[in-house]
Amino acid sequence: MGTHRRWADLSRGQKVAVGVVGAVQITLTAAAYRDLARRPADQVNGTKLAWGIALLVNWVGPIAYFLDGRKG
């Protein structure tokens, strides 16, 4: 396998990039959960429970919800 890099081994730019990507992922997931919680069940393709679980899948879940989970 490959060698693992530690946080201390990353350059300042790499640390910033990791932070930005993490913040975007958290924001995307939070926005999807907020929309799911406020949207009536009849405006969601599938069940709200299933989408709530799907949103736990990093990147894929929230993007899939915004692309296919909402009606109208």
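This is a predicted model: local features need pLDDT of at least 70, side-chain atom pairs count only at pLDDT 80 or more; totals for chains, interfaces and linings use all residues.
Residues are numbered from 1 along each chain as its sequence is written, and side-chain values use heavy atoms, with hydrogens and water left out. Local features need pLDDT of at least 70 and side-chain atom pairs count only at pLDDT 80 or more, while totals for chains, interfaces and linings use all residues.

**Exercise 1. Helix packing**

Task: Describe how α1 and α3 pack, and classify the angle between them.

Solution: 
1. Helices are DSSP runs of H or I with at least four residues, numbered from the N terminus. α1 covers 12-38 and α3 covers 60-69.
2. The axes of α1 and α3 are 9 Å apart and form an angle of about 45°. Axes are lines fitted to C-alpha atoms, for helices over the stretch in contact, and angles run from 0 to 180 degrees between N-to-C directions.
3. Angles under 35 degrees count as roughly parallel, over 145 as roughly antiparallel, 65 to 115 as roughly perpendicular and the rest as oblique. α1 and α3 are therefore oblique to each other.
4. The crossing of α1 and α3 is left-handed, a term for a near helix turned anticlockwise from the far one by less than a right angle.

**Exercise 2. Salt bridges**

Task: Find how many salt bridges the count comes to, and state how D35, R39 and R70 are linked.

Solution: 
1. A salt bridge requires a side-chain nitrogen of Lys or Arg within 4 Å of a carboxyl oxygen of Asp or Glu. The count comes to 2 salt bridges.
2. R39 pairs with D35 at 3.0 Å, N to O.
3. D35 also pairs with R70, at 3.6 Å, N to O. This pair links distant parts of the chain, with D35 in helix α1 and R70 in the segment after α3, 35 residues apart.
4. For burial, the classes are buried (under 20% relative accessible area), exposed (over 50%) and partly exposed (in between), with a 1.4 Å probe and protein chains only. D35 is buried because its relative accessibility is 18%. R39 is buried as well, with a relative accessible area of 18%. R70, at 33%, is partly exposed.

**Exercise 3. The nonpolar patch**

Task: Identify the residues of the nonpolar surface patch and the helix that gives the most to it.

Solution: 
1. Patch residues have over 30% relative accessible area and no salt bridge; like charges are joined within 9 Å, and nonpolar side chains (Val, Leu, Ile, Met, Phe, Trp, Tyr) within 5 Å. Areas come from the Shrake-Rupley method.
2. V16, V20, V21, V24, V57, W59, V60, I63 and L67 make a patch of about 790 Å².
3. α1 and α3 each supply at least two residues of the patch, and α1 gives the most, with 4 residues.
4. L67 lies in helix α3 and counts as exposed at 71% relative accessibility.
5. W59 lies in the loop between α2 (48-54) and α3 and counts as partly exposed at 32%. Phi of W59 is near 60°, a positive value in a residue other than glycine.

**Exercise 4. Pairs across the sequence**

Solution: 
1. T29 is in helix α1 and is buried, at 19% relative accessible area.

Methods
Accessible areas come from the Shrake-Rupley method with a 1.4 Å probe; for residues, only the protein chains shown count as cover.
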